[in-house]
Amino acid sequence: MSLERSDVEKIAHLARLAVSEDELEAVTADLSNILHLVAQMETADTTGVEPMAHPLHMVQRVREDAVSETDQREKFQAIAPLTEEGLYLVPRVIE
Amino acid sequence: MHNKSIAELALGLRAGEFTSVELTRTHLDRIASHNPQLNCLISVCEETALQEAELADRRIRAGDAGQLLGIPIIHKDIFCTDGVKTSCGSKMLDNFIAPYDAHVVELLKQAGAVMLGKSNMDEFAMGSSNENSFYGPVHNPWQAGAVPGGSSGGSAAAVAARLCVAATGTDTGGSIRQPAAFCGITGLKPTYGRVSRYGMIAFASSLDQGGPMARSAEDAATLLQVMAGFDSRDSTSAEQPVPDYAATLNDDLNGLRIGVPKEYLGEGLETAIADSIQLALDEYVRLGAELVEISLPNTHLGVPTYYVVAPAECSSNLSRFDGVRYGYRCSEPRDLEDLYKRSRGEGFGAEVKRRIMIGTYALSAGYYDAYYLKAQKIRHLISDDFRAAFERVDVIMGPTAPSTAFGIGEKAADPVTMYLSDIYTIAVNLAGLPGMSIPVRPINGMPVGLQLIGNYFQEARLLNVAHQLQQATNWHTATPAGFE
C-alpha cells in the first residue's frame, strides 16, 4: 500500500497536524513503508476469528452515581496556556 | 552504598549504619557527576528528595518496617507527579507541571521511597532507542554512543549506572524489557491490568502497563509488591489479590517446564545471542528444569499487528493535546483550526506524528475492517498461540531482543528497521501476559537479556524463576566500567 502526497495531506488534516511542504515527501515515504510492513497481516487467515479488543475478558465496571471529585479549577487552570475568569481562551470562533 | 540491594539497604538503615539522607545524598552526587554524560534524567528533584529522606529517617527511627522506606528511586517521566514537571519526553509537555500523582507514584510515596527525579524516555513512550526524546538521546552506561534501548531508556541507564536503587518504567511493546536487556538490568512488565494506569500518560490503552526496573529479581519483587493492586480509577485494573512476591522467591525449580519457542531462536537472531540464551537455559536444566520445544506460529505477525493496534489507540489518546487546556500552544494562531494544527505539528516530534497519522488512517472511514478489525483478529490468534503453549509449559524463555545495544543514529533513518527490534517483546503485550528480562552472558562487553514470559498473573512465578538463576550465577551483578 503506497500513499500519495494528497493522501497524507488528508490524513494530516483529519489528525489536526500541520505538516509542512518540506516534510511532506519524507512523511509520505515513511508512512508507505509502515503500511508495507502492516500489509503482512493479509497473509493471515482470520476467517471465523473473533476480534480481541482487550487482553482480559472483563466487562466495564460501573460505579455509584456519587460525587467523587472536588472542584480544582484554579489548580488545573494554572497550567493552561490562556484563561480568563475561569474560562479557557481560544481564537474567536464566531465573528 | 550504591551497590547494595534493597534488602541490604533496609537493614543498614535500621542498624543505623547510614541514614536515608546520606543514601539520597550519595545518589544525588552520582547523578551530578554522571548525568551530564548519560542524559538519563529530565528532572532532578534534589530539594524534595532530601526532604522525603528526612521524613523517611524519622519513620525508620519510629520503627516503621517498610522495605522501601528511605530508598531512592526514579520515576519514568510518563508518570504524573504532583507539582513536578511531567514531560513524557515531549516538547508538547515541556511546560506541564502535573496537578496530581499517578497511582503508582502515590503508592511508592506512601511506602516512603524517595524520588530523586524523572527519567528520560522516547517521546510519549514511542520508540526503542530513546532517540525520540525532545531532551536528546540517552547514552548506554556500557558504551557511550550506544543507545540504552527504549522507551524506558533513561530508567534503565540510571539503574545500570547506579544513579538510583531502582526505577519505574512502562511497557507497551517492550519498553521495559528491551532497555533492561540493553543496559544489563532486571525489568518486569506485569500482566495487563496488574498495575494501575491512573496518571500514567496514555499511549495505547489496551497494551500499556507499568512495572519495576531494578538490579535483581529480588529488588523488582519488592517494588512490584507496592506497585501492584486494584485501583478503581483505572477502568481496566484487575480485581485480583496481590500475592506475597518475596515468599516464593526461593522455591526450587525441580520439574519446571520451560517452553523454548523455535520462532525466537531462528532467522534474524545474532548467533552470539543465541549462545548466551542457551547458556542460561543449560543453567536452568542444572537447577532442575526441563526444556520443551514449543511453537508460537503467529510470531511473525506480531510487529505488523502491533503497528495497527498501537497507532490506532495512540491517535485517539493523543487527540487530547490540542493546545487549549495545558501543554504547548503555538504562537499567534489565526483561528481555532490553526491553533490545533500548529500546536500539534510543532509540539509533537516526527515519530509521534507518524504514529498518529498511521492510526488516523487505519481508523478512517472505509479502512477500519482491513486494518483495525483485522489486527484485532490476529491479536486473538497470537493470544491463542500462548494459551496453547501454557497448557504444556510453566514459563516461556527466549531472547529479549535480536541484537545488543546498537549505536545512536544507526537505525534512526528507517522507522521500520527500528520497529523490528521489538520482535520478541511485542506479542506479550498483544496477549496481555507478564514478561521479564534478566541479564545473561554479555557479548563483547555488551549486555544480553533473557526474556521470561509467564501465564496471566504469574508474576510471582517469573520472579521466582529469575531469582533462582540470579542465585546460581552472577551475570546480574556486573557493573559498567566507570560506574562501580
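B:S151 is located in the loop that connects β3 (114-119) and α5 (153-160) of chain B, where helices (H or I, at least four residues) and strands (E, at least two) are DSSP runs numbered from the N terminus. The peptide bond between B:G150 and B:S151 is cis, with omega at about 10 degrees. The model is predicted, so that local features need pLDDT of at least 70 and side-chain atom pairs count only at pLDDT 80 or more, whereas totals for chains, interfaces and linings use all residues. Residues are numbered from 1 along each chain as its sequence is written, chains are lettered from A and ligands numbered from 1 in the order in which they are written, and side-chain values use heavy atoms, with hydrogens and water left out.

Two further backbone features occur in loops of chain B. B:R162, in the loop between α5 and β4 (166-171) of chain B, is not a glycine but has a positive phi of about 60 degrees. B:R162 has a relative accessibility of 5% and therefore counts as buried (under 20% relative accessible area; exposed is over 50% and partly exposed in between, with a 1.4 Å probe and protein chains only). A positive phi, near 60 degrees, is also found at B:F457, a residue other than glycine; B:F457 belongs to the loop between β11 (446-454) and α15 (459-472) of chain B. Most residues other than glycine have a negative phi, and most peptide bonds are trans.

Chain B contains 15 helices and 11 strands. Its radius of gyration is 21 Å, close to the 23 Å given by the globule rule for 484 residues, so chain B is as compact as a globular protein of that length. The radius is taken over C-alpha atoms, and the rule is 2.2 Å times the number of residues to the power 0.38. Along the principal axes, the C-alpha atoms of chain B fill a box of roughly 65 × 55 × 45 Å. Of the 484 residues in chain B, 66% are buried.

Chain A has three helices and two strands, in the sequence order α-α-α-β-β. Its radius of gyration is 23 Å, whereas a compact globule of 95 residues would have one near 12 Å. The C-alpha trace of chain A spans about 55 × 45 × 25 Å along its principal axes, and 29% of its 95 residues count as buried. The mean pLDDT of chain A is 92, with 99% of the residues scoring at least 70; pLDDT is the predictor's confidence in each residue, from 0 to 100.

Pockets and cavities were located on a 1 Å grid over the protein atoms alone: in a cavity a 1.4 Å probe fits but cannot get out, while a pocket is an open set of points with protein on both sides within 12 Å along at least five of seven lines, and lining residues have an atom within 4 Å of a point. Volumes are the space filled by probe spheres set on the points, which are joined across faces, edges and corners. The largest pocket has a volume of about 400 Å³. It is lined by 20 residues, of which B:C80, B:F96, B:Y100, B:R320 and B:Y326 are the closest to its centre. At least three lining residues of this pocket come from each of domain 1 (6-256 + 392-477) and domain 2 (300-376) of chain B, with bounds from an automatic or database domain assignment.

Three cavities of 30 Å³ or more are counted, and the largest cavity has a volume of about 80 Å³.
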